[in-house]
Structure formats: C-alpha cells, structure tokens
Protein chains: 2
Amino acid sequence: MANEVETLDRLFAPGEETLLGDAGGILVGHDAISAFRQGRDGAPARIIGDLQVRDLGNDRALIVAMTLPASGGRGQQTQVWHRSSTNDGDVDWLIEATHVSVPAPAIAASVWRVVGSPLVAGAVDGPLVGKTVAVKDLFAVAGFAVGAGVPAYLAESPRSVTHASAVTALLAAGAAVQGIAQTDEFAYSVAGKNSHYGTPPNVAVAGAIPGGSSSGPATAVASGQVSIGLGTDTGGSIRVPASYQGLWGLRTTHDAIARDGLLGLAPSFDTVGWMTRDAATLRAVASASLGSAGRKAVFGGFAVAPALVALASPGVQDAFAAALMRLAEAGLTDDLVELTLPDVDDLHEIFRTVQSAEAWATHGEWITAHPGSLGGEIAARFAFGSTVDPDTRSFASQALELARERIESIVGDRVLLLPSASSTAPSTTADAEIIEQVRQSTLRLSCVASIAGRPALSVPALTVDGAPVGFCLVGPPNTDIALIALGESLA
Amino acid sequence: MANEVETLDRLFAPGEETLLGDAGGILVGHDAISAFRQGRDGAPARIIGDLQVRDLGNDRALIVAMTLPASGGRGQQTQVWHRSSTNDGDVDWLIEATHVSVPAPAIAASVWRVVGSPLVAGAVDGPLVGKTVAVKDLFAVAGFAVGAGVPAYLAESPRSVTHASAVTALLAAGAAVQGIAQTDEFAYSVAGKNSHYGTPPNVAVAGAIPGGSSSGPATAVASGQVSIGLGTDTGGSIRVPASYQGLWGLRTTHDAIARDGLLGLAPSFDTVGWMTRDAATLRAVASASLGSAGRKAVFGGFAVAPALVALASPGVQDAFAAALMRLAEAGLTDDLVELTLPDVDDLHEIFRTVQSAEAWATHGEWITAHPGSLGGEIAARFAFGSTVDPDTRSFASQALELARERIESIVGDRVLLLPSASSTAPSTTADAEIIEQVRQSTLRLSCVASIAGRPALSVPALTVDGAPVGFCLVGPPNTDIALIALGESLA
C-alpha cells in the first residue's frame with residue numbers, strides 16, 4: 001500500500017508474460033507494470049475481507065480476495081501465484097497475473113463536474129431520443145454556473161438562466177444532458193490535463209493523456225458513459241481528443257453554430273463541435289444542430305499537403321500513407337492532388353499570435369484580478385497573450401486574413417486529407433518537453449482548418465502500435481454534413 | 001450474452017469451489033453462480049479486444065481479455081479454465097474462476113439523482129471539513145428541485161431557493177454536499193426498491209436489498225462514495241438501511257432537528273437522521289447539527305423487551321442474545337432489566353393508522369391529480385391512508401398519545417436495547433411476500449421509537465451468516481449524543 005516499487009517488482013514474476021489489469025487497461029510484462037507503479041502514488045489502504053484460495057496444481061495457486069478499502073466500499077483482487085525455487089534453495093512465490101477492481105467513486109471528478117440521471121431531460125420526441133450528452137463546462141446549462149475548468153472562476157460564476165443554443169438544439173432533438181464535463185482551463189490546451197481536477201483517463205490507450213481541451217466530454221463518450229460529447233474547437237480541441245481516443249469528431253464551420261451561452265477563448269477561431277463513437281450519431285447530431293448552415297455539397301475532390309503530413313511522427317505518416325494507398329486502390333480518391341500550402345511555421349505563428357491576443361482580451365481582466373488561479377502552462381500562454389501589443393495584433397490580424405485567402409485559393413473546393421494529430425496520445429508521465437513538442441506539431445497540423453474557418457472531421461481510421469489516430473477531412477466552408485457522409489464512405 | 005443459463009451452467013465447473021466475482025461481490029459455488037444468472041436479464045453485448053492466454057500447466061489456462069461493450073468503454077474478464085475428459089472420451093474446458101469488470105456509468109442512477117464534485121462546497125473551516133454528504137432526495141438543496149423518488153413529482157417541483165436547515169448545518173460545519181441521493185417513493189417503505197430508479201446495491205450483502213427509505217444515502221456511504229448519509233426516519237428509514245448495510249445510523253429525537261425544507265411523510269413521526277461508516281463521524285455530525293437539543297445525559301441503565309426481540313428471525317435472536325451475553329460478561333450491562341411493553345400488534349396498528357392518514361394528508365392531493373405515478377406497493381399504502389376516515393384517525397391519534405405515555409412510563413429514562421431490524425437484508429429476488437413479512441416484523445420492532453419520539457441508534461455490531469444486523473439503542477428524548485457515546489462503549 002506504500003507503493004514500495006522494489007518490493008512489488010520482486011513479488012511479480014519477471015519477463016514479458018506477467019499481467020496486471022485494472023480499470024485503466026491491461027499491462028503486459030514486468031517492465032510495463034513496474035513503470036506504471038513508478039508513475040503512481042501508491043495503492044489505497046485496504047484490508048482483505050473474504051479470501052478464496054484454490055490449488056491449481058503445477059506449483060500454482062489462485063487467490064480471489066475481496067478487498068475492503070479504508071475509505072469504504074468493496075473491491076476485488078484475483079491473482080495467479082507461482083512457486084519456484086530460488087538460487088539458494090528456498091521456495092519463492094511470485095505473481096504471474098493479477099486483476100484489480102476498486103469501488104467506483106460517486107463521480108469521476110477528472111471527467112465530470114456535475115452529473116444527473118439525467119441532469120436535464122430532453123424532448124420526448126426527436127431524432128436524438130435515447131441519446132445522452134456530456135456538455136463541456138464552457139456552455140450555459142440553465143440552473144448551473146459555467147466553470148471553464150477553473151475553480152476560482154466557478155466560485156464567482158452565476159447560475160445560467162437559459163441554455164446555450166448548442167445545448168438547446170440537442171435537447172430539442174430529444175437528447176438528455178447527462179452532465180457537465182471537464183475541460184482544460186479556459187479551453188487553452190490540447191493535452192487534457194487540468195491542474196485542479198486532474199487528467200481524465202484515455203479509454204483507448206492505458207496511461208495516456210486524453211487529449212483536450214474537450215477532455216471530459218471525450219472520455220465520457222469513449223468510456224460509454226454518454227453518446228454525445230458537446231465541445232468546442234479553437235485550435236484542435238475536438239479533433240485532438242477524438243484522435244487520441246478513437247472517436248468521431250467534428251469541428252464545425254466557423255460561425256455555422258451560434259455561440260451564445262458559450263464562454264469563448266478566441267472568437268476568430270472558436271467553433272462548436274461534437275464527438276461520438278459512431279458516424280450515425282454524429283450525423284444525427286450535426287443534422288439536428290446545424291439548421292440550414294453546413295448543408296453544402298462537396299464537389300471538389302481530395303487533396304493532401306505533403307508539408308503538413310511531414311509534421312507527423314513516422315508511425316502516423318506510415319499509417320496515413322497506408323490509408324491513402326488503400327483508398328486509392330479502392331478507387332475512392334482518383335482525383336487526389338498534392339498541394340503546397342503557405343509555410344506551416346508562418347501559419348502557426350499567425351494563428352498563435354491572434355489566438356493569444358484574443359484569449360487575453362477575453363480573460364485577461366479576470367486573470368489579472370485572480371493571480372495564481374491557473375496552472376503554470378496555461379498561465380504562461382495567457383501571459384504571452386498579454387504581451388502582444390496593438391501593432392503586432394493588428395499586423396497578425398491582417399496576416400490572418402491574407403493566410404485565409406491564400407488557403408482558400410490553394411485548396412478551393414477540395415477536401416484536404418491529413419492526420420488529425422501529429423502522434424498517438426503521449427503518456428501522462430511523458431516529460432513536459434515531449435508533450436510540448438507533440439503540441440507544437442499537432443497545432444501546426446490543426447491550425448489550417450482553424451485559420452480557414454473550415455469544418456474538420458476526425459475519423460477513427462488509423463492505428464499506430466495499437467493506439468488510435470484520427471484521419472482528418474477538412475472541407476470547404478458549410479460542407480459539415482457532407483463531410484460526415486464522405487468520412488463514412490472512406491471509413 | 002443472451003444469458004442462456006443452461007449453456008453458462010455447463011461452461012462453469014460443477015461443485016462448491018467455483019468462483020465468480022464482480023462489482024456485486026464474490027459468489028462461491030456453481031449453484032450460487034447459477035442462481036445469480038437466473039435473477040438477471042443477461043450480460044451486456046460486447047466483443048473481445050486484447051486477449052492474453054497463459055498456459056498454467058496441469059491442464060489449466062488463464063485467459064485475460066479486455067472486453068469492448070457495444071455501449072462503449074472497456075471492461076475486463078479474467079478466467080481460469082480447466083481441461084478434463086468427458087465420459088465419451090472427448091476433452092472439455094470448464095471455467096473454475098472468473099473475475100468480471102465492466103465500465104463504470106457516469107452516475108449510478110439507482111443511488112444518485114445528481115452528483116457534483118462537489119455539488120455544494122462546505123465552509124472552509126469546521127469539524128466536518130473533508131467530509132462529503134449524500135442528501136436524501138427529500139431535503140431542499142438550493143438550486144435543485146426535490147424529487148422524492150418520484151419522477152412525475154420531480155418534473156413539477158420548483159428549484160429550491162434555500163437549503164433545508166439540516167443541509168445548512170452540515171455545510172456550515174465544513175462538509176460538502178456530494179449529491180442528491182435516491183429514496184423510496186415519498187420515503188414510504190423500508191425496503192429500498194424504487195420502481196422508477198431501480199434498487200441501489202447492498203454493499204455488505206451481494207444481491208440483497210439495501211434497506212430504505214434512505215436507500216441512496218445508505219449505499220453511497222457503504223460504498224465509500226461519501227462519508228455521511230443525510231436521511232429521514234419515520235418508521236425505520238435510517239435504522240433499517242443502516243442495519244442491512246452495516247452502518248452506524250441515528251434517528252434523532254422527534255423535533256430535535258428542524259424539518260424546514262424537508263418534504264415530510266407523517267409529521268407525528270418524521271425525523272432527520274444520519275448514517276456513517278464510523279462512530280466518530282456520526283458523533284461529529286450529530287454534534288454539529290443538534291445545537292442545544294439532543295445533549296441530555298443518560299442516567300437510567302439498560303432494558304430489553306423480550307416480546308420485541310421475539311419478533312426477530314432465529315438467527316438475529318441468537319446474535320442479539322450472544323451480544324447481550326458478551327456485554328454482561330464485560331460488566332457493561334449490570335443494571336439490565338426486562339420490560340413488558342404494550343402489545344406490539346396494537347402499537348403497530350396505531351402507528352400504521354396515524355402514519356398512513358398523515359401520509360395521505362401530506363401527498364393525497366398530488367397523488368389524486370397524478371394517477372399512475374407511483375409503484376404498486378407504495379400506491380397501495382397511500383390508498384389505504386385515503387380510506388382512514390376522520391373518526392378512525394381521531395381515535396388513532398388519541399391511542400397514539402396513550403401509547404406514547406405508556407411507553408414513557410414503562411421505559412422511563414432507560415435505554416432500550418433491541419435488534420434494528422427483524423432479519424438480515426432479504427435478497428432482491430425474494431418473493432414480495434417474504435419482503436412484506438420481513439417488513440411487518442421489522443416495523444413492529446422499529447415503531448416503538450417512532451411512537452415514543454425517542455432517538456434510536458443502530459450500531460453495526462451483529463452478524464448473522466456473514467450479513468450485518470444493527471444492534472439498536474433507543475434512548476430517552478434528547479439523549480441523542482449520549483446515545484452515540486454509549487453505542488461506542490458497547491461496540
């Protein structure tokens with residue numbers, strides 16, 4: 001219980017066959033199990049209740065124990081032990097496999113701020129009846145305050161009187177709001193780590209970050225707790241968690257969904273979006289929410305930008321290339337063209353400058369009045385925004401307009417294909433430097449749609465070493481629903 | 001997945017050694033496992049993801065499988081299989097042990113209506129800082145409606161503007177409200193089965209009813225999800241779930257805790273109460289909530305009423321007698337006297353008549369306007385209340401007053417010792433007849449304190465066949481806190 005890693009390492013059988021499974025997934029091999037232990041603070045204090053022992057023969061025993069945590073409730077540990085002789089002639093018992101269950105908390109606080117059964121009932125009739133929604137904690141839900149992943153902000157936030165439009169649309173179509181889900185602080189990250197509420201688990205990759213900033217809705221959908229994650233995407237906050245957890249995700253065309261009742265970050269790029277486990281649900285959600293916007297057809301064929309793809313990890317590049325090959329072989333992408341976009345570093349710098357200046361304009365006053373309320377990295381991003389002087393901002397805004405026009409003229413009415421993120425989800429214990437590096441290359445990939453105001457669909461179609469990566473389709477403005485249909489065809 | 005019981009029975013090894021463990025507990029023996037299967041509707045649809053197979057030797061294999069439920073998320077199955085020869089010379093693989101984990105829901109809807117992290121923060125300073133509360137869905141929590149376990153009632157219920165006094169006291173002492181927990185419909189049962197929201201699990205006894213009507217708070221405390229269950233006790237609604245799940249539970253002196261903001265049932269008997277896993281927390285809660293009320297000392301020694309104890313099952317009678325023996329041997333009950341109370345059937349009839357008449361007075365108008373909104377048994381109890389004519393009610397009220405005076409004169413300033421319930425928790429699959437029989441005998445035990453308006457403490461001190469039963473102390477009015485100290489001494 002004190003997490004004495006050496007002792008535990010000695011108790012588990014060496015080699016590649018040893019197994020440890022818990023709610024986070026199945027770890028295979030002594031090294032993976034040891035690494036997991038080094039990243040945690042210890043196991044909860046507990047005593048053994050009911051204990052069942054079975055002789056399996058061949059020097060093996062099965063132990064099934066009910067565990068009684070000091071914090072209440074009841075868990076279970078199932079273990080296979082193996083008896084062997086040590087070098088000095090003693091016998092030694094080692095664990096070859098273990099399966100650990102712990103009692104569920106009332107609420108997974110890293111994923112959710114409030115949950116109801118349901119929190120808000122939907123209309124009794126409509127295309128989304130039976131579906132449930134995790135609402136990112138940026139949208140107004142009547143009767144609840146908006147917290148934006150920042151406890152000090154929540155503490156002063158008034159209860160919303162009406163729902164945000166994006167919430168109303170889902171309720172009117174029959175979906176129920178299950179709860180309000182966590183976000184990175186003020187949605188200013190794509191990692192999914194919140195310094196106050198913790199890191200939601202990545203359901204697809206044991207021990208990895210969930211992706212953000214729509215981290216809570218993403219994990220809620222991936223874990224089967226809800227059917228729909230309602231989130232936002234400024235620079236990738238729908239596409240990255242969808243990519244990291246193997247979900248369908250749509251960043252909508254800029255301004256296609258009204259943003260009333262939504263606490264924004266950078267209005268030039270802010271969009272509403274959704275994540276689901278299947279395309280049909282995403283299609284129904286988009287159709288119920290988009291009204292007449294987002295219903296344009298796609299006529300222009302496909303394009304790839306090799307300079308963008310080159311930003312991805314070798315594994316992602318390979319998986320993406322293999323997917324393009326399969327699509328070509330299936331005759332689905334005969335008209336694919338290669339495009340040269342403006343320099344990706346320039347695009348990213350324009351995006352970053354406008355985003356941070358707007359983020360400071362949105363939240364700077366509150367942040368100044370509440371020093372120490374944000375985690376270090378997020379605070380640093382806002383601090384950078386505070387240094388953008390009016391001239392720089394004005395220049396960046398003009399550059400943004402030019403960049404948008406250039407992308408428009410280069411891509412035109414084509415659908416741009418690219419990986420949704422530069423890599424699979426990094427480990428939660430990865431160095432901050434590695435996470436930052438992944439973020440930098442992912443934002444260079446994702447900022448193209450953000451700059452262009454175009455819809456971007458992440459399709460859970462790629463796999464690298466067993467971990468998901470999204471296959472992204474960036475369409476012309478207002479082709480949101482056609483993009484989903486296209487994604488389904490390609491998938 | 002179709003729950004073909006015969007097929008599953010054939011796949012599991014026969015005999016008393018076979019094991020099946022899941023979140024509900026560990027079942028031992030082929031028969032127990034088979035019986036469990038017959039009581040469920042089938043296992044969730046799922047496919048196998050990652051699959052690990054280990055040869056354990058001696059004709060045994062370990063299977064560790066990640067399961068991917070159709071409803072999303074990720075589970076795990078660990079199984080030990082054994083190969084044997086069948087009578088006709090074929091080989092046959094049978095499961096000797098299995099451990100099943102399924103993904104956690106966003107909210108356990110049988111236990112909770114709303115949960116937050118927290119839902120309402122407590123004062124930053126006070127004796128209950130760090131403690132969390134499950135509030136029975138009868139108390140006003142500002143910003144939320146009261147639902148009383150009845151969805152149709154909830155649908156029309158306005159959001160409360162202020163907290164109930166009992167909630168405010170806990171918040172002021174530093175406890176946080178974790179959420180609003182389920183109750184039997186209008187709190188009119190001691191079983192803990194709600195026809196709309198389901199039956200919260202009994203954490204102490206796999207497959208048993210949780211006890212009610214404070215069922216949600218009880219299970220939330222027993223499962224370690226919160227430290228404090230805030231409930232009510234009219235005829236046993238704190239004592240019975242505490243008894244069934246091995247918790248400390250206090251029904252307070254009638255009127256010692258203000259009932260503003262509490263949706264009552266029968267005001268002559270309604271009281272506020274709490275359940276906790278340990279005595280120290282209960283003492284802190286009572287001390288913070290009771291103000292000057294409930295602080296009288298106990299001077300009168302102990303008493304038992306053999307006619308009451310005789311209502312309990314043989315197992316409970318034995319456990320209770322053994323406990324009295326141990327207390328006597330320890331010299332803690334030298335002054336114990338045996339008392340003869342008024343006829344228990346008469347007492348119960350008086351209680352039942354006044355309770356049902358008052359329950360109808362409280363809720364009759366709403367129930368009449370909302371036919372079909374209640375489950376069958378609860379509806380029948382209210383229907384009986386509607387038939388109590390004014391003369392009968394008046395007569396019963398006078399009889400109640402006389403009964404109270406007689407109990408007062410017989411018990412005086414002594415502490416009456418008795419089992420908290422007539423039996424351990426019945427199985428959820430028990431016949432309605434058996435549950436009704438248990439209810440009848442339990443209410444005859446518990447109605448004495450209800451009639452007398454006296455505080456009653458349930459101490460988790462008895463065990464019958466591995467299942468808990470409460471040891472109950474009924475004290476003179478306003479000895480609530482002294483009763484807890486006394487219970488700790490005896491425990």
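**Exercises on a predicted two-chain model**

**Exercise 1.** In this predicted model, which residues are in contact with Leu170(B), once its neighbours within four places in sequence are left aside?

*Solution.* With contact taken as C-beta atoms within 7 Å, and with those sequence neighbours set aside, the residues in contact with Leu170(B) are Leu128(B), Val133(B), Ala175(B), Ile228(B), Leu230(B), Val285(B), Ala288(B) and Ser289(B). As background, nonpolar side chains in soluble globular proteins tend to be buried together.

**Exercise 2.** Determine by what turn and shift chain B can be laid on chain A, and state how the two copies are thus related.

*Solution.* The same surface serves both copies, since 100% of the contact residues of chain B recur in chain A.

**Exercise 3.** Describe the side of chain B that touches chain A, and identify the strand of chain B that gives the most to it.

*Solution.* Begin with the count, in which 54 residues of chain B are in contact with 54 residues of chain A. Strand E7 (residues 112-120) of chain B gives the most to this side, with 7 residues. By class, the residues of that side of chain B divide into 25 nonpolar, 20 polar and 9 charged. Finally, turn to the pairing of strands: E7 of chain A and E7(B) pair in the antiparallel sense over 3 bridges, and Val115(A) has Val115(B) as its bridge partner in E7(B).

Note on methods
Residues are numbered from 1 along each chain as its sequence is written. Chains are lettered from A and ligands numbered from 1 in the order in which they are written. This is a predicted model: local features need pLDDT of at least 70, side-chain atom pairs count only at pLDDT 80 or more; totals for chains, interfaces and linings use all residues. Copies are superposed by least squares on the C-alpha atoms of residues with pLDDT of at least 70 in both. Two residues are in contact if their C-beta atoms, placed from the backbone, lie within 7 Å. Helices (H or I, at least four residues) and strands (E, at least two) are DSSP runs, numbered from the N terminus. Ala, Val, Leu, Ile, Met, Phe, Trp, Tyr, Cys and Pro count as nonpolar, Asp, Glu, Lys and Arg as charged, and the others, Gly among them, as polar. Two strands pair if DSSP finds at least two bridges between them.
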